[in-house]
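I set out to record, entry by entry, what I looked up in this structure. The notes follow the order in which I consulted the model.

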Amino acid sequence: MWEDIKDWASDFFVTGDPLIYGADVGIVLASLSILFVLTYFKKWKWLWSEWITTVDHKKIGIMYIIAALLMLFRGGMDALLMRTQLVMPDMEFLKPEHYNEIFTTHGVIMILFMAMPLMFGLFNIAVPLQIGARDVAFPVLNSLSFWLFFMGAMLFNLSFVIGGSPNAGWLAYPPLSETMFNPGVGQDFYIWGIQISGIGSLMTGINFIVTILKMRAPGMKLMKMPMFTWSVFASSLTIMLAFPILTVTLALLFIDRFLGAHFFTLDAGGNPMMYINLIWMWGHPEVYIVILPAFGIFSDIVSTFSKKKVFGYKSMVFALMIISVVSFVTWAHHFFTMGSGASVNAFFAISTMVIAIPTGVKVFNWLFTMYKGKISFKSPMLWTMGFIPCFVVGGLTGVMLSVAPADFQFHNSYFLIAHFHQVLIGGVAFGYFAGLYYWWPKMFGFKLDEKLGKWAFWLWNIGFYVCFMPQYVLGLMGMTRRYSTYSWDTGWFGLNLVSTIGAFIMGAGFLVQVWQIVYSIKKMDKDTTGDPWDARTLEWSIPSPAPMYNFATDPRVSDVDEWWEEKQRIAAGKPTPKPALEPIHMPKNSAMPIFKATFWFLAGFGFVFDWMWLALPAMAGVGITMLVYSFNYDTEYYIPVDEIRKTEAAAGRAV
Amino acid sequence: MSHNANHAVQGHGHDHGGHHDLDALRQMGFWLFLITDCILFGTLFATYIVLHNNTAGGPTASELFEMPGVIAETFILLTSSFTSGLAVLCMNRGNKKGLIGWLIVTVLLGASFVTLEVTEFLKMIDEGAKISTSAFLSGFYTLVGTHGLHVSVGLVWMTALIIQLSKRGITKTTRRKINIISLYWHFLDAVWIFVFTIVYMMGVM
């Protein structure tokens with residue numbers, strides 16, 4: 001009996017590696033201390049009613065951001081482990097199988113569980129405030145999206161200590177990801193972790209399209225929306241059209257593994273290239289999904305910190321929308337080597353080059369916005385200035401990769417690795433950091449320390465170039481991706497050493513950011529104005545942090561930079577009169593999302609281990625929570641005028 | 001109760017110049033969901049079309065499909081779409097009994113569609129045409145099965161709405177819910193027309 005249990009446990013838990021035992025101990029200790037703190041300080045009820053069941057977009061945004069930063073830590077640790085393994089030839093720090101798992105989880109976590117939630121966090125924080133709305137269109141669905149992302153991320157990360165991590169690369173190409181070559185549970189964790197959070201992402205896309213189209217303040221025409229809101233609209237549209245393809249692709253892979261079907265197998269007529277086409281039909285738009293909001297953040301920041309209207313507003317909007325459309329017809333550039341023939345490759349090469357045009361338009365617009373502006377170099381602006389040259393170089397190497405015949409040389413080499421890290425770190429990560437620094441006072445009501453912020457920026461920026469510039473050269477020297485080790489006679493030692501040093505400099509940058517947050521919480525430099533950057537859009541017209549109903553009265557909009565214009569009107573003694581206070585209609589908290597997401601988590605876990613006794617009841621639980629929610633008609637309430645008046649007075653505003 | 005909910009929703013639309021009327025938001029959200037569902041089915045159709053000749057020595061479409069049953073399914077589903085339309089017409093006239101009656105007819109027709117489909121699948125599996133037999137059959141079962149799953153979810157949903165209607169009558173909220181499920185139902189009907197044409201008709205021709 002005891003032997004049986006031991007056998008089962010050694011199969012169920014990942015064993016054999018001291019790193020993993022360390023992680024086991026860490027996870028148990030962290031969980032116990034969280035439970036202890038919550039119980040000791042009697043915070044369970046607070047956690048439940050203020051956070052877990054909340055439908056307030058600002059709190060959901062904060063939860064997204066916290067989760068994303070934790071995932072950034074894990075993904076970053078994966079990166080440092082890989083760079084340590086590659087620091088010199090013939091290293092024996094990680095075993096090849098372990099290395100495979102780490103590059104797989106690094107990619108998945110950074111794109112799907114770091115970039116996406118950080119992006120959704122910023123959507124949630126900023127969009128309703130920028131358009132003068134009280135919440136998103138579907139607040140309960142918004143909470144459900146968050147919990148689905150959270151449970152998906154947890155399920156995926158569980159594979160580190162239970163069952164074994166996926167190891168077939170971040171996009172899990174078959175036939176390697178099929179049962180024939182990958183019989184363990186790692187790929188099933190991959191499928192269900194991404195599937196569950198992907199459903200959440202899809203719903204967020206729909207939610208923000210409706211929010212932006214239907215909930216803008218009176219007077220805010222489409223062409224009067226702030227640039228960030230436009231970029232969220234473009235990104236959400238792309239999410240809505242791309243994510244269903246991911247859902248189907250992962251489902252088909254699972255049906256292959258679970259029911260022995262033959263979509264992507266090598267035998268019985270299956271077609272692995274079908275998977276690779278499908279996954280990139282989602283995957284390519286996906287990288288534009290994450291970069292477009294960064295473009296929006298930069299546009300708002302550039303105009304705020306240059307004290308000018310954004311240059312070429314209309315062309316900015318058209319560029320965003322063109323990128324989101326053309327992103328759907330470039331997917332085959334990820335596998336020019338498939339052998340689909342010259343004309344197919346030519347089409348995808350040209351469509352890829354075409355994308356560079358609207359992107360270039362945006363870069364010039366940012367530069368012209370700064371031209372003759374009164375620029376102040378605060379943290380958000382620093383990241384923006386760091387982004388522009390970095391993204392231009394990353395974009396140019398992208399155009400080099402789009403040249404189909406040349407790509408036969410670059411394909412899957414470190415040249416490619418350097419390219420996409422340059423656009424994803426230099427573009428997406430820098431963009432979201434800029435956004436975090438920019439909206440931080442609005443989220444929490446205090447400012448982040450500028451001096452530590454400069455340290456973090458320079459460490460990241462220098463570390464980035466030190467890490468990735470050598471990788472372009474390594475790629476041209478013939479080093480291909482996913483090598484777990486290399487020999488002395490390759491001549492790759494020096495450049496790899498430099499690259500690893502760069503990675504650790506970026507790691508130091510992250511540590512400084514953590515210290516910056518802790519230090520700023522202690523210092524508590526409160527933002528009493530609600531408008532610490534002297535900014536231009538509506539989110540800065542209300543107190544920091546925003547009251548739960550956002551706007552005491554609906555703002556009236558007549559200009560793109562409405563708050564800037566209003567400040568001019570106030571200075572001239574002619575402020576727009578505010579309508580009288582009225583009771584505000586708000587959605588009630590809901591426990592449905594956490595229950596439903598938990599059932600999804602259990603169902604996913606059951607399917608991973610083929611435990612139908614768990615998976616089927618859990619799926620039934622998903623259905624039942626939906627039905628119970630459908631029968632609940634008591635979902636809204638009013639905030640009385642008195643309470644609004646009190647809240648506004650507490651924030652120092654007369655109404 | 002129903003009166004309060006109704007009042008709250010209308011009051012809201014009125015308070016803020018109607019610029020975020022909850023029912024309009026939900027209606028629009030559902031249309032967008034249908035677009036995503038279109039893409040979902042589009043991907044499954046594309047996969048089926050790519051793989052449909054890869055029978056790997058197993059049975060082919062023309063050996064396998066029995067059209068009389070499929071034609072019966074088609075007429076049953078088309079009729080159910082018609083009856084769900086009649087239900088909405090009754091709702092618009094304020095006729096609660098007619099509404100619930102036609103919804104029940106729709107549910108019964110939908111249930112017989114699903115039963116026929118499951119019987120067809122079981123028979124094929126019995127003849128040795130399993131999902132693991134060939135890429136063609138993997139594509140077939142997944143595409144047609146996903147449609148069947150959608151219909152089944154619709155049946156549970158419609159039943160839940162029938163119960164809500166009988167408790168609360170025709171209110172602004174239940175009206176929105178019925179409008180949305182009838183959209184869903186018509187959508188599944190449209191998808192079936194493509195299934196019938198591309199999978200079955202082109203399969204036996």
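**Entry 1: chain B**

I read chain B along its sequence and found the pattern α-α-α-α-α-α-α. I counted 7 helices and 0 strands in chain B; helices (H or I, at least four residues) and strands (E, at least two) are DSSP runs, numbered from the N terminus. The model is predicted, so to speak of local features I need pLDDT of at least 70, side-chain atom pairs count only at pLDDT 80 or more, and totals for chains, interfaces and linings use all residues. Residues are numbered from 1 along each chain as its sequence is written, chains are lettered from A and ligands numbered from 1 in the order in which they are written, and side-chain values use heavy atoms, with hydrogens and water left out.

I then looked up the extent of chain B: along its principal axes the C-alpha trace spans about 65 × 35 × 25 Å. Of the 205 residues in chain B, 55% are buried; buried means under 20% relative accessible area, exposed over 50%, and partly exposed in between (1.4 Å probe, protein chains only). Chain B exposes about 8800 Å², and carbon and sulfur atoms supply 69% of this area. Accessible areas come from the Shrake-Rupley method with a 1.4 Å probe, and for residues only the protein chains shown count as cover. Among the contacts in chain B with a separation of 6 or more, 82% are between residues 24 or more positions apart; contact means heavy atoms within 4.5 Å.

**Entry 2: the interface of chain A and chain B**

I noted that 41 residues of chain A are in contact with 46 residues of chain B. The size of an interface is often given as the accessible area lost when the parts come together. Here the two chains bury about 3700 Å² between them, 70% of it on carbon and sulfur atoms; buried area is the accessible area (1.4 Å probe) that two parts lose on being put together, summed over both.

Which elements give two or more residues to the side of chain A that touches chain B? I listed helices H7 (186-214), H8 (227-259), H9 (272-306) and H19 (612-630), together with strand E2 (636-639), of chain A. The largest share, 8 residues, comes from H8(A). By class, this side of chain A has 27 nonpolar, 7 polar and 7 charged residues. For these classes, Ala, Val, Leu, Ile, Met, Phe, Trp, Tyr, Cys and Pro count as nonpolar, Asp, Glu, Lys and Arg as charged, and the others, Gly among them, as polar.

**Entry 3: salt bridges**

Over all chains, I recorded 22 salt bridges. Where do the partners B:Asp23 and B:Arg176 lie? Their side chains meet in a salt bridge (2.7 Å, N to O). This pair links distant parts of the chain, with B:Asp23 in helix H2 (residues 22-51) and B:Arg176 in helix H7 (residues 172-204) of chain B, 153 residues apart. Both B:Asp23 and B:Arg176 are buried.

In chain A, the side chains of A:Asp561 and A:Arg536 meet in a salt bridge (3.0 Å, N to O). Both residues lie in the loop between H16 and H17 of chain A, so the pair ties together parts that are 25 residues apart in sequence. A:Asp561 is buried at a relative accessible area of 6%, and A:Arg536 is buried at 4%.

I also looked up A:Glu450, which forms a salt bridge with A:Lys454, the closest N and O atoms being 3.9 Å apart. Both lie in helix H15 of chain A, 4 residues apart, about one turn of the helix. A:Glu450 is partly exposed at 21%, and A:Lys454 is partly exposed at 34%.

**Entry 4: backbone details**

I noted a cis peptide bond from A:Pro174 to A:Pro175, with omega near 5°. A:Pro175 is in the loop between H6 and H7 of chain A. Another cis peptide bond joins A:Ser544 and A:Pro545, with omega about -15°.

How values were computed: Salt bridge = Lys/Arg side-chain N within 4 Å of Asp/Glu carboxyl O.
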